[in-house]
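Student: I have a model open and would like to go through it piece by piece. Can you take my questions as they come?
Tutor: Gladly; here it is.

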Amino acid sequence: MALSKTERAALIQRYADGPQRLRAALATVPPAALQWRPKPGEWSAHEIVCHCADSESHASLRIRMLVSDPEPVIVGYDQERWAQVLDYHAHPIEAALAVVDAVRTSTAALLRRLGDEAWSRAGRHTESGPYAAEDWLRIYSAHVHDHASQIEGNVAQWQAARR
């Protein structure tokens with residue numbers, strides 16, 4: 001179902017607010033808990049932030065392809081593999097946060113300028129099939145907020161494990 005202009009504007013604002021939400025969640029993480037993982041195979045707060053930087057970089061290209069390319073193909077990637085191979089714990093967290101800030105600021109400006117025709121565009125995702133610009137907005141307006149909640153959950157689990 002297509003979004004109304006009001007719904008779209010609200011999601012764009014939520015998208016734009018993502019970096020602030022991520023930084024607020026990260027501010028709750030004690031230094032000793034930054035690289036702590038709740039369970040094997042789950043990400044630490046540090047890894048979550050690095051994932052957000054990579055994912056947001058990738059996402060910014062996806063929306064540009066969706067609204068610009070004649071027959072866009074959106075390629076999936078293995079986020080777990082990226083976290084391991086790119087050794088997120090070794091990556092500077094401030095650099096990752098700066099990427100999230102910059103990519104979201106630039107992309108939010110683009111989103112606010114897009115007309116109805118751009119929002120009606122669609123392509124194909126290699127993993128999930130049909131993929132429209134509004135699908136992208138629904139996903140990425142929530143993405144960083146969801147990971148901020150994940151960071152807060154990590155902190156709660158870290159604190160409970162120390163009691």
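Student: How far apart are the end C-alpha atoms of helix 4, and what span should its 21 residues give?
Tutor: Before the answer, note that this is a predicted model, in which local features need pLDDT of at least 70 and side-chain atom pairs count only at pLDDT 80 or more, while totals for chains, interfaces and linings use all residues. Residues are numbered from 1 along each chain as its sequence is written, and side-chain values use heavy atoms, with hydrogens and water left out. Helix 4 covers residues 93–113, and its end C-alpha atoms lie 31 Å apart, which agrees with the 30 Å that its 21 residues should span at 1.5 Å a residue. The expected span is 1.5 Å times one less than the number of residues, and helices (H or I, at least four residues) and strands (E, at least two) are DSSP runs, numbered from the N terminus.

Student: Which residues of helix 4 are buried?
Tutor: They are Ile93, Ala96, Leu97, Val100, Val103, Arg104, Thr107, Ala108, Leu110 and Leu111, where buried means under 20% relative accessible area, exposed over 50%, and partly exposed in between (1.4 Å probe, protein chains only). Viewed down the axis of helix 4, these buried residues fall within an arc of 160 degrees, so they line one face of the helix; the arc is that of the directions from the helix axis to the C-beta atoms.

Student: What does the face turned away from the buried side carry?
Tutor: That face of helix 4 carries the exposed residues Glu94, Thr105 and Arg113. What covers the buried residues of helix 4 includes helix 1 (5–26), helix 2 (45–68), helix 5 (116–119) and helix 6 (133–161), with contact taken as heavy atoms within 4.5 Å.

Student: Switching to helix 2: how many of its residues are buried?
Tutor: Helix 2 is mostly covered, with 17 of its 24 residues buried. From first C-alpha to last, helix 2 reaches 34 Å, close to the 34 Å expected at 1.5 Å a residue.

Student: And the largest nonpolar core, how many residues does it have?
Tutor: It has 24 residues, and those with the most contacts inside it are Leu22, Leu26, Val29, Val49, Cys52 and Ile151. A nonpolar core here is a set of buried Ala, Val, Leu, Ile, Met, Phe, Trp, Tyr and Cys residues joined through side-chain atoms within 4.5 Å. Helix 1, helix 2, helix 4 and helix 6 each supply at least two residues of this core, and the largest share, six residues, comes from helix 2. Apart from this core lies another, of 20 residues, among them Leu66, Val67, Ala133 and Leu137.

Student: What does Val29 touch?
Tutor: Not counting residues up to four places away in sequence, Val29 touches Leu34, Ala45, Ile151 and Val155.

Student: Cysteines next: how many disulfides does a search find?
Tutor: A search of the whole structure finds zero disulfides, a disulfide being a pair of cysteine sulfur atoms within 2.5 Å. The sulfur of Cys52 is 9.3 Å from the closest cysteine sulfur, in Cys50, which is too far for a bond. Cys50 is buried at a relative accessible area of 2%, and Cys52 is buried at 0%.

Student: In what order do the strands form the sheet?
Tutor: Three strands form an open sheet in the order 1-2-3, with mixed pairing. Strand 1 and strand 3 stand at the edges, each with a single partner strand, so one side of each is left without a neighbour in the sheet. Two bridges join strand 1 (residues 73–74) to strand 2 (residues 122–125) in parallel, whereas strand 2 and strand 3 (residues 129–132) pair in the antiparallel sense over four bridges; two strands pair if DSSP finds at least two bridges between them. Strand 2 and strand 3 form a hairpin with three residues between them.

Student: Last one: is His145 buried or exposed?
Tutor: His145, found in helix 6, is buried, with a relative accessible area of 9%. Not counting residues up to four places away in sequence, His145 touches Arg14, Asp17, Gly18 and Arg21.
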